[in-house]
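Hi everyone, thanks for coming. Please have a look at the model on the screen, and then we'll walk through some parts of it together.

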Amino acid sequence: MKENKEAILTYNDRLAAIREEQFPMLRDSIYLDHAGTTLYSKSFMDQFTSDMMGGLFGNPHSASASSQCTMSRIESIRHRILQFFNADPAEFDLIFVANATAGIKLVTDAFRGFSRGFDYRYHQASHTSLVGVRQEAKDSFCLDNDEVDSWIEEVRSEKISSHPQPTLFAYPAQSNMDGRRYPLGWSQQLRKASIDTGRALYTLLDAAAFVATSPLNLSNADAAPDFTVLSFYKIFGFPDLGGLIVRRDTASVFKQRRYFGGGTVDMVVCIKEQWHASKTQSLHESLEDGTLPIHNILALNSALEAHSKLYGSMADVASHTSFLANRLFRGLQSIRHGNGEPVCIIYSACPEDTNTGSGNGPTVAFNLRNRCGAWISLAEFEKLASLKSFHVRTGGVCNPGGIAAALNLEPWEMKENFSAGFRCGNDNDVMNDKPTGVIRASLGAMSTLSDVNKFIAFIEEFYQEVHLPLPIALPEPIDIRDASDMIVSDMMVYPIKSCGGFRIPSHTPWAVRPEGLAWDREWCLVHQGTGLALSQKRYPHMALLRPSIDFSAGQLTISYDGPLPNGTRSQISIPLSLNPDLFQPSSTLRSIQPRVCGEGVSMMIYQSNDIAAFFSGILGISCTLARFPPGGSGKSMRHAKAHLQSHQIPSISQNNNQSSLADIPTPPDSDTESDHRRILLSNESPILAINLSSLAILNQNIIKNGGTPVSAEAFRANIVIGSSSTSPSNSINSAYSEDHWDRLKIGQHSFQMLGACRRCHMVCINQETACKSDEPFITLAKTRRFNGKVFFGVHMCHIPAITPETKATQYPTVSVGDKVEVAPI
């Protein structure tokens, strides 16, 4: 055992030594999403490029020398891939497909051609693509391990089959969710039952996750699945190609397939009669529709060569990744909070546990809990992991049955979550006190012990609570005399969502609308293909698109403060007016609906090609400008989503009588006013404010950790609240006091606080340079995380005055320098 461990460590050290040369794309990243796709090596790509440059490869459907060369190479590679899985070409055929899902679909196409249909049984750990086959079946059932064994025993006990239609049983060799492995012997058991009873039983094995790090041995054709699907990019990183391996004894099933494509037929009659003759020389030539992805297939030759040179055999890869997976599992399992509670709730089995049936692959699926047992948000985890350069997968990972079983989600709960707004990929990751997905860390051939140790250390640093956190101190009601030095220090509007800000000149009265400060986030850039609103999170250089509002000229001018592509001008001006001639007529708008924060909206799209070219040229993405003016209705109107968070005092109404600001009017008792506050294109609320005292404390903590302090601009607030006093004690005493504000009075106008602002890693983009760093999100994650979510700043909205109308109440404004008065919750 000791010698084996030493051999594995030596193997690991050899991989670590070649990582920088062979995988330069990793740099300082830790890649733990090999279940999605593994990484291709430099030597592989160099060899493939040399191969492509050194050969002439034509379409294999032609008779030219280059075409025949291509066909010969493809057949050679087909044979070599079968050998890779110890599959005798006399017993098996390999059909090249786009991916494993395409292979599943090809099998389904054949089975749905049976005149009596087919029955379908699938394991609950199946990938979504296997689950989808049930839509074509006459009837279908989802089975767990015990139910599979019971069903097989039931089938074997039948004397004579009473099932006229065939039955297809599908299952994964290894779950793509938690890495659990399932008996490969099920295929042989079902085949024996089929022979004994005369019942037409077939097995479809999803081997995509399994073959990525383990050898698949198909040397015994009698024990092998009838159909095996896999994806080569999960083994080699490239090409983006899949395979369907079929036992030749079951090839007759594909005679039921109705569709035929180019290259799969010898003769087709169309005029006056409809008849065709499929190719019969080999199974694969009758199923590979159209021209093959020839270059992807040719890449497999280089892939096999490079894989063998770098990693040795698949058995070596399996041994290495199993060792790493055990270290990862044990490391995560051992992390405990100060009260002894586990940090990680793990759903995978321990790789070295011999009592878990067929074992577990190099994947660990888990969730995080704080010391009080509350679940950590997956979205928040992913933000922090991304900043620390960890690449992992979170969510439902396309495995609905596995997720439901692991998280104990009943069907009614999943449907209720859907009705409450849960969708694949959104931030609803904890609903009704249960997670809706998992964190999946998966290892691959080039993973190292260092990757594992760094990930464990990351979990310990940010999610292990060794000491009991101090209770949040609730401040005493702030007397107006103690807050008399608070003023509006700065004001910004962001006319184009996610672009640079426009600083409002000092002492300039700025209009306050129901939707927020005038001209704030009234425009956005939308992708011309998808309709999605662009964001700095994906396109950081949007920060360098600087707007300027010129009321005398009636124009919004946008300048780009960065290096310009050749032929791109540095600025463009757009009228502030809503001239209909500027926008695409509604009758000609494309069917793709613009979306902001996942919400479908109706916008006014500028029709100028110059405008589209300006923004597209700078950002390198096909986009154009859209406007979302105030006063709309239906999908031309959005509503605030901000609300008080759990670290803030929950009840406002019970504390209104404590306010020392009697002259601030209470907001009207109106559902429309309180629950449906309008916003334009901001994420959550009409107005976002930050407190400079809080920023000062945050920067102290950043500096303490060796970081560089950040400016207020990083938080893209509309109103920055500071102090006219220079006393440092005032800043310390009022830091994060905004958590407990109920209302503000700024100048003559009142504002209702709507709750703390949840932060993402966009705060790490320097708004002056568009460069990205770790801070301030890393420090916020350690000092301002509540229930797994990170907060800084506060949302608010204007409270319409109920006093007799005056000019000020008819046209409310605020200015830099205005006095700020606070009413605590």
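Let's begin with a question: with which residue does Arg247 form a salt bridge? The partner is Asp249, and the closest N and O atoms of the two are 3.4 Å apart. Please keep in mind that what you see is a predicted model.

Now look at how these two partners sit. Arg247 is buried, with a relative accessible area of 5%. Asp249, on the other hand, is exposed, at 59%. The general idea behind such pairs is simple: side chains of opposite charge can pair when their charged atoms come close.

The next one is between Glu380 and Lys383, with 2.8 Å from N to O. Where are these two in the chain? Both belong to helix H12, residues 378-387, and they are three residues apart, so about one helical turn separates them. Here is the background for that: an α-helix has 3.6 residues a turn, so residues three or four places apart point the same way. Are Glu380 and Lys383 buried or exposed? Both are buried.

My other example is Arg546 with Asp561, where the closest N and O atoms are 3.0 Å apart. Arg546 lies in strand E23 (residues 545-550), while Asp561 is in the loop between strand E24 (555-560) and strand E25 (571-575), so this pair ties together parts that are 15 residues apart in sequence. Arg546 is buried, with a relative accessible area of 19%; the cut-off for buried is under 20%. Asp561 is partly exposed, at 47%. Salt bridges can also share partners: Arg191, Asp226, Arg247 and Asp249 are joined in this way into one network.

While we have Arg247 in mind, let me point out Glu91. You'll find Glu91 in the loop between helix H3 (65-84) and strand E2 (92-97), and this residue is partly exposed, with a relative accessible area of 33%. Which residues does Glu91 contact, if we leave aside neighbours within four places in sequence? They are Ala221, Val246, Arg247 and Arg248. Val246 is 155 residues away from Glu91 along the chain, yet their C-alpha atoms are separated by 8.5 Å.

Back to helix H12 for a moment. After the helix comes Ser389, with a positive phi near 65 degrees.

In general, nonpolar side chains tend to be buried together in soluble globular proteins. Which residues touch the most other members of the largest nonpolar core, which has 58 residues? They are Phe455 and Ile459. Helix H15 (residues 449-463) gives the most to this core, with eight residues. There is also a second, separate core of 55 residues, and its members include Val493, Leu525, Leu619 and Phe751.

Phe751 takes us to the strands. This residue is the bridge partner of Leu744, and it sits in E35. Strand E34 (residues 741-746) has six of its six residues buried, so it is largely enclosed by the rest of the structure. E34 pairs with strand E35 (residues 749-758) in the antiparallel sense over four bridges. The hairpin of these two has two residues between the strands, and Gly747 there takes a positive phi near 60 degrees. E34 also pairs with strand E39 (residues 820-824), again antiparallel, over five bridges, and Ile746 stands opposite Val820 in E39.

Last stop: what is the order of the strands in the open sheet of three? The order is E21-E20-E38, with antiparallel pairing. Strand E21 (516-517) and strand E38 (813-814) are the edge strands, each pairing on one side only. Strand E20 (residues 510-513) pairs with E38 over two bridges, and Ala511 stands opposite Thr813 there.

Notes. Residues numbered from 1 in each chain as written. Predicted model: local features only at pLDDT ≥ 70, side-chain atom pairs only at ≥ 80, totals over all residues. Heavy atoms only, no water. Salt bridge = Lys/Arg side-chain N within 4 Å of Asp/Glu carboxyl O. Buried < 20%, exposed > 50% of the residue type's maximum accessible area, 1.4 Å probe, protein only. Pairing = 2+ DSSP bridges. Contact = heavy atoms within 4.5 Å. Core = buried A, V, L, I, M, F, W, Y, C linked by side-chain atoms within 4.5 Å.
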